[in-house]
Amino acid sequence: MKLTVFGATGGIGQEIVKQALNAGHEVTAVVRDPARFTVTGERLEVFRADLKDAEALRPAVADRDAVLSGLGARKRADAGIATEVTRPVLRAMEAEGVRRLLVVSAGPVGLEPADTPLLDRAMRAVISMILKDVYADLTAMEAELAGSATDWTSVRPPRLLDKPLTGSYRTAVGSFPRAGRTIARADVAHAMLAMIDDPATVKQGVGVAY
């Protein structure tokens, strides 16, 4: 497949690029600063662009089978960035007629399962309070997805870890895995690549966790 990856210099974005190349896909990595991007490969194109300019992004998404994005805030100071950069990506995709889009959101954005343990409910409430601006941004981003013409999937992980790929994790379409507390960035990337051809995940939020 021909894939475009936004946020390719981030932890999840780099993993998407590496794993996609290892699987034999052609990858366009969209970055603001190529100096920060160290991944190499024969089927890799590095595309420098202003992420807020939809017209500038059109060549990066044209004729692609899917677009994957690791963009988004992970701390309060960056709140607002997920929605701000997702809008131009959506406009560029719609202009080029590219439909499949997978993005990274966060577990607390989705509905809490009815059987969530009490401790997990308490942890979720505290984290949601501390990072309320970040989650408000991700909620707004998901609203942009829902109003778009794309076949989107919002992947919602819990606390992210910098650990090796395991390929062993749980997913829950429209919900969140019970007592799922952590997952490696590498496994989030793995899940996103696996969902590209999964029709059950289209226009859905998907919880992913160990």
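1. Helix 2 passes helix 3 in a right-handed crossing. This is read from a predicted model, as is everything that follows. The two elements, helix 2 (residues 54-61) and helix 3, pack at an angle of about 55°, and their axes are 8 Å apart. At that angle helix 2 counts as oblique to helix 3.

2. Which residues make this contact? On the helix 2 side they are Ala 54, Leu 57, Arg 58 and Val 61. On the helix 3 side they are Pro 88, Val 89, Arg 91, Ala 92, Met 93, Ala 95 and Glu 96. Sorted by class, the contact of helix 2 with helix 3 holds eight nonpolar residues, three charged ones and no polar ones.

3. Helix 3 also packs with helix 5, at an angle of about 15° and with the axes 8 Å apart. Angles under 35 degrees count as roughly parallel, so helix 3 and helix 5 are roughly parallel to each other. The crossing of helix 3 and helix 5 is right-handed.

4. In the contact of helix 3 with helix 5, helix 3 supplies Ile 81, Ala 82, Thr 83, Thr 86, Arg 87 and Leu 90. Helix 5 supplies Asp 137, Leu 138, Ala 140, Met 141, Glu 144 and Leu 145. Seven residues of this contact are nonpolar, two are polar and three are charged.

5. The next topic is empty space. A probe the size of a water molecule, rolled over the atoms, shows where such space is left. The largest pocket holds about 600 Å³. Its lining is made up of 28 residues, and those nearest the centre are Pro 108, Ile 127, Tyr 135, Pro 158 and Arg 159.

6. Which elements give two or more residues to the lining of the largest pocket? They are helix 4 (118-130), helix 5 (132-146) and strand 7 (159-161). Helix 4 gives the most, with four residues. By class, the lining of the largest pocket has 15 nonpolar, eight charged and five polar residues.

7. The second largest pocket contains about 450 Å³ of space. It is lined by 22 residues, and Gly 7, Gly 10, Gly 70, Leu 71 and Gly 72 are the closest to its centre. Helix 1 (11-22), strand 2 (26-31) and helix 3 (81-96) are the elements that give two or more residues to this lining.

8. Which element gives the most to the lining of the second largest pocket? Helix 1 does, with three residues. The lining of the second largest pocket consists of ten nonpolar, seven polar and five charged residues.

How values were computed:
Residues numbered from 1 in each chain as written. Predicted model: local features only at pLDDT ≥ 70, side-chain atom pairs only at ≥ 80, totals over all residues. Heavy atoms only, no water. 1 Å grid on protein atoms, 1.4 Å probe; cavity = no way out; pocket = protein on both sides within 12 Å on 5 of 7 lines; lining within 4 Å. Points joined across faces, edges and corners; volume = space filled by probe spheres on them. Nonpolar A, V, L, I, M, F, W, Y, C, P; charged D, E, K, R; others polar. Axes fitted to C-alpha atoms, helices over the stretch in contact; angles between N-to-C directions. Parallel < 35°, antiparallel > 145°, perpendicular 65-115°, else oblique. Left-handed = near helix turned anticlockwise from the far one by under 90°. Contact = heavy atoms within 4.5 Å.
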